[in-house]
Each structure stands twice: as structure tokens, then as C-alpha cells.
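User: I would like to learn how to read a structural model, feature by feature. Where do we start?

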Amino acid sequence: PLAELDFWKAKSADLDSIFEQLQGLKVRKLLKFLDGAKSTYNMPFAKLCKEVFQARTEANDNLLFLKPLRPWFEQNRDVDFSNLPSVFRPIMHLILLVWKNSRFYNTPSRLVVLMREICNSLIAKATAYINGEMVFEMIENEEANRAVSMLKTTLRVCGNFKSAYFDYKAKANSECPTNPWRIQNNALFVRLDSFLERCHDTLDLTQTIVQFFKLGKL
């Protein structure tokens with residue numbers, strides 16, 4: 001999700017620079033000359049200037065409203081995986097505030113992009129915490145119980161994130177009746193759900209191995 005914030009920061013800076021150039025003396029002289037010469041380039045150039053102005057307004061507005069999310073996204077990146085649930089609700093609360101107050105960052109397409117980026121970040125943190133190679137290494141070292149515990153933690157943390165989203169979706173639908181969060185869950189969680197399904201399969205396998213270890217020691 002930090003990439004989303006960096007994108008709007010860079011776009012805002014670029015469009016501010018272009019807008020500043022368009023307001024400069026050289027461009028004003030050029031427009032005056034085009035107008036005097038009744039040039040066919042005059043209208044397309046004026047249209048382009050208008051588009052730049054509108055895009056600059058949107059980028060600056062998005063940057064302004066997304067800025068408070070940066071410290072929480074940085075904390076989301078740096079905090080231990082098992083402690084991640086502590087940042088989910090503040091993040092969702094700020095996203096809801098952006099949705100309610102921003103003029104541009106309150107469309108389903110924008111929310112889908114941001115939520116998918118958060119899901120990708122969550123998956124990356126989860127695979128750094130526990131992955132297939134680590135699971136099989138623990139099994140070989142007869143530490144399958146530890147693998148089971150870590151997989152359950154992964155499922156709990158990801159489940160907490162989805163719960164936080166659904167709680168704030170209900171809040172958004174009640175507080176913003178004219179612009180609710182009408183987005184299919186699959187559009188947001190398709191990758192996270194696939195990851196969780198794989199985690200469940202791995203957990204079932206690991207728990208079965210734990211049972212066989214117990215049988216082997218009887």
C-alpha cells in the first residue's frame with residue numbers, strides 16, 4: 001500500500017511542475033501568438049491545459065487524504081506478524097474517513113486497488129513468517145507442533161483483517177447511504193482467499209503428521 005501513496009506523491013509533484021510551466025511567461029506568449037494567428041492548435045492545447053488542471057486537483061486531493069495512512073502502513077510493514085491485528089482497525093477507520101471526505105478517492109475502483117495492495121502486503125508478511133520450506137523443515141526436525149501453531153496464527157491474523165474490513169463495510173453502508181461499499185468480496189480478497197485455502201490445506205496435512213508422530217511413540 002505504500003506504493004499507492006508514493007504513486008500519488010510523485011504524480012502530484014509532476015503535475016504541479018507541469019502546471020507551473022503552463023502558467024509561465026513563455027507559454028502565455030505562445031498561447032497569445034496561437035490565438036492571434038487563429039491556429040488550429042489553440043483549442044486542443046487549451047483542452048490539454050484543462051485536463052492537466054483537473055488531474056492536478058485530483059492528485060493533490062488524493063495525496064492530502066491518503067497522507068495520514070502512511071505511518072500506519074509503515075507500522076504494518078515493520079511490526080511483527082502476530083501483532084498485525086493491532087493496526088488493522090486504525091487503517092480501516094482512516095480508509096472510511098477518506099471515503100467520506102475525499103472528492104476523488106471514494107470510488108469502488110480506488111478502494112479495490114488499495115485493499116488488494118494491503119492484502120498483498122499481508123500475504124508477503126505471512127510468507128516471511130511461515131512458508132512451505134519452513135513447514136517441511138520443522139516436520140523433518142519433529143517440530144510439527146510448532147508449524148501447526150504458526151499456521152493457526154497466520155489464519156487468525158488474516159481472519160482478523162477480513163473481520164475488520166466487514167465491520168467497516170457495515171459502518172460505511174450505514175454512514176454513507178448514497179455511496180456505500182458495494183464491492184464484491186471476490187474482487188478484494190481473491191488472492192488472500194487462495195492463500196488462506198492453501199494455509200488450511202497445509203494445516204490439515206501438518207496436524208495429520210502430528211497425529212502420526214503421536215502414534216509412532218505409543
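User: Does Cys158 count as buried or exposed?

Analyst: Start with the cut-offs. Buried means under 20% relative accessible area, exposed over 50%, and partly exposed in between, with a 1.4 Å probe and protein chains only. Cys158 has 0% relative accessibility, so Cys158 counts as buried. Note the ground rules: this is a predicted model, where local features need pLDDT of at least 70 and side-chain atom pairs count only at pLDDT 80 or more, while totals for chains, interfaces and linings use all residues. Residues are numbered from 1 along each chain as its sequence is written, and side-chain values use heavy atoms, with hydrogens and water left out.

User: How many disulfides does the structure hold?

Analyst: A disulfide is a covalent bond between the sulfur atoms of two cysteines. The test here is a pair of cysteine sulfur atoms within 2.5 Å. The structure holds zero.

User: What is the secondary structure of the protein chain?

Analyst: Helices (H or I, at least four residues) and strands (E, at least two) are DSSP runs, numbered from the N terminus. The protein chain has nine helices and zero strands.

User: Where does Gln23 lie?

Analyst: Gln23 sits in the loop between helix H1 (2-22) and helix H2 (25-36). Its relative accessibility is 38%, so Gln23 counts as partly exposed. From Gln23 to Leu34 is 11 residues in sequence and 16 Å in space, C-alpha to C-alpha.

User: What radius of gyration does the protein chain have?

Analyst: The radius is taken over C-alpha atoms, and the globule rule is 2.2 Å times the number of residues to the power 0.38. For 218 residues, a compact globule would be near 17 Å, but the protein chain has 25 Å. The C-alpha trace spans about 100 × 40 × 30 Å along its principal axes. Of the 218 residues, 39% count as buried.

User: What share of contacts joins residues at least 24 apart?

Analyst: Contact means heavy atoms within 4.5 Å. Take contacts between residues at least 6 apart in sequence: 77% join residues at least 24 apart.

User: How many positive and negative side chains are there?

Analyst: Lys and Arg count as positive, Asp and Glu as negative; His and the chain ends are not counted. Each charge is placed at NZ of Lys, CZ of Arg, CG of Asp or CD of Glu. The protein chain has 30 positive and 24 negative side chains, with the centres of the two sets 9 Å apart.
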